[in-house]
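Student: I have a structure to go through before the group meeting. Could you take me through it?
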Amino acid sequence: MVRRCLSFVVLAVLAFGFAPAPVRDNAVSTPYFPLAVGSVWTYKCGENHFQLKVVKLEKIDETNGAKVELFVNNKSQAAEFIGVAKDGVKRFSFDGKKADPAILFLKLPIKDKETWPVKSKVECQELTGSFTSGTEDNVKVPFGTFKTVTVTGTDLMANGVKLSLKYYFAENVGMVKQVIDIAGQQIVIELEKYEPAK
């Protein structure tokens, strides 16, 4: 079950989501995805648990962002590059595989019911469809109850496989919940703990 759950997590990362240079003090950021070094999010997926950690700041394609690693049982399993540009939060690469173009998965500034297209390749894997932003109050997860900004993709195709997903972002916390529907299965990922950078 751990392997299956993680495979869905990896697919979701690709569905959004080197030669890096250090980022200076002018990093663009958003409270809906805090990217300070040392930030840690602990999630549960069924009976399984994993962490996302911001391990260092980097720059790619002239965009400031961060390397975020996925840990299971304190062992790094994968890494992605997430950048915050003026138009929103983007996934630029996953395990060194560049998304071409970068995948905009949280558009800024946030506008309710705004839709934008998605069309990107990560090596031979293609993602197409669209995302739509929204809001939802009283989203309950183990870490608490939040007013959230949502991003929904109901018409996504990943390498010819249809999937839908919904992300929930809370201000000053980041992603608190994710729901993925693929091949007749639903996977729910919920935030158990958030440790902001010190």
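Student: In the hairpin of E9 and E10, which residue takes a positive phi?
Tutor: This is a predicted model. In that hairpin, Asn-159 has a positive phi near 55°, and two residues lie between the strands.

Student: And how many bridges join E9 to E10?
Tutor: Nine bridges join them, and the two strands run antiparallel. Val-149 stands opposite Phe-169 in E10.

Student: What about E10 and E11, then; how many residues are between the strands in their hairpin?
Tutor: That hairpin has three residues between the strands, and Asn-172 takes a positive phi near 65° there. E10 and E11 (residues 174-182) run antiparallel and are joined by eight bridges. Tyr-167 stands opposite Gln-178 in E11.

Student: Is E10 mostly covered or mostly open?
Tutor: Mostly covered: seven of the ten residues in E10 are buried.

Student: Which residues touch the most other members of the largest nonpolar core?
Tutor: Phe-131 and Phe-169 do, in a core of 52 residues. Strand E10 (residues 161-170) gives the most to this core, with six residues.

Student: Changing topic: how many salt bridges does the structure hold?
Tutor: The structure holds six. Among them, the side chains of Glu-58 and Lys-56 meet at 3.5 Å, N to O.

Student: Why does Glu-58 count as buried?
Tutor: Because its relative accessible area is 2%, and buried means under 20%. Lys-56, at 38% relative accessibility, counts as partly exposed.

Student: Are Lys-67 and Glu-69 buried or exposed?
Tutor: Both Lys-67 and Glu-69 are buried, and their side chains meet in a salt bridge (3.8 Å, N to O).

Note on methods: Residues numbered from 1 in each chain as written. Predicted model: local features only at pLDDT ≥ 70, side-chain atom pairs only at ≥ 80, totals over all residues. Heavy atoms only, no water. Core = buried A, V, L, I, M, F, W, Y, C linked by side-chain atoms within 4.5 Å. Buried < 20%, exposed > 50% of the residue type's maximum accessible area, 1.4 Å probe, protein only. Helix = DSSP H or I, 4+ residues; strand = E, 2+ residues; numbered from the N terminus. Pairing = 2+ DSSP bridges. Salt bridge = Lys/Arg side-chain N within 4 Å of Asp/Glu carboxyl O.
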